[in-house]
Amino acid sequence: MLKGDNIIEWVVKIGGSLFPTDAIKVAEKLKGTSSLIVTGGGEFANLIRKYDNNKNFSDEICDETAIECMTIMSKLLNDKIKHTEIAYSIEDALKISYNRKVPILICSKILKENHPFKQSWEVTSDSISAYIAKLLNANLLIVTNVNGIYTRKPKTKGSKFISEIDAKKLLTFEESSIDLMLPSLLIKFGTDCFIVNGKYPERIYQIITGEYRNTYNFKYTYIKGV
């Protein structure tokens, strides 16, 4: 079930794989919308995961530094967009949205204060975005570098695109374009989710504005959490 009548109606997670060029284009397309941006950690977070695989750092430090990577991405993105502003809390984000700008949320303080997740690489910015969407009672849109969910890796022989799927079904997938924790969170929160390709920013705008219902001409995946 989609939600509405909020100051912030959409949490838009912009994947680090889109940074910098496509991420900037997506953020530019959000001008004038009731959206909040959460960024992924991108290559910075991938490096930390690589280092962890080699040296086995503590879960606490891996979690903390991966979140700091999201902060770096958020600040770099904000530097290129005139209609965005950095927010460090839900209250900040609501004020920014009220002033008709798009908040880019730095999540570290919220996560540190509330401890919503067990520290694990299974939890990424996808799950964090779902948590933020729950706090705001907002819709969730995950923007990545593929069209959505596939039965296996998109370029693998026999891979098929999935336009709509229940979150419970996704629990059986060993991998997909979202993190492993997200399906269970969507079920827990009763939240639905869109997955869309950020290389085509107009698709993000059509979903947020609802235009996709009348002019459906592109692929996306709709995950039903309820």
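The model is predicted, with local features needing pLDDT of at least 70 and side-chain atom pairs counting only at pLDDT 80 or more, while totals for chains, interfaces and linings use all residues. Residues are numbered from 1 along each chain as its sequence is written, and side-chain values use heavy atoms, without hydrogens and water.

N147 lies in the loop between β5 (139-144) and β6 (149-150); strands are DSSP runs of E with at least two residues, helices runs of H or I with at least four. A further polar contact, of 3.5 Å, links its side chain to that of Y150. N147 counts as buried because its relative accessibility is 17%, under the 20% limit (1.4 Å probe, protein chains only). Leaving out residues up to four places away in sequence, N147 touches F161, I195, V196, N197, R203, K219, Y220 and T221 (contact means heavy atoms within 4.5 Å).

Next come the helix pairs. The axes of α2 (residues 42-55) and α3 (residues 59-80) come within 8 Å and cross at roughly 160 degrees; axes are lines fitted to C-alpha atoms over the stretch in contact, with angles from 0 to 180 degrees between N-to-C directions. Therefore α2 is roughly antiparallel to α3 (over 145 degrees). Among the residues making this contact are F44 and I48 of α2 and C69 and M73 of α3.

For α1 (residues 21-29) and α9 (residues 201-209), the axes come within 9 Å and cross at roughly 35 degrees. Here K25, V26 and K29 in α1 meet P201, E202, I204 and Y205 in α9.

How values were computed: Buried < 20%, exposed > 50% of the residue type's maximum accessible area, 1.4 Å probe, protein only. Polar contact = N/O pair within 3.5 Å; in protein donor to acceptor, adjacent residues only side chain to side chain. Parallel < 35°, antiparallel > 145°, perpendicular 65-115°, else oblique.
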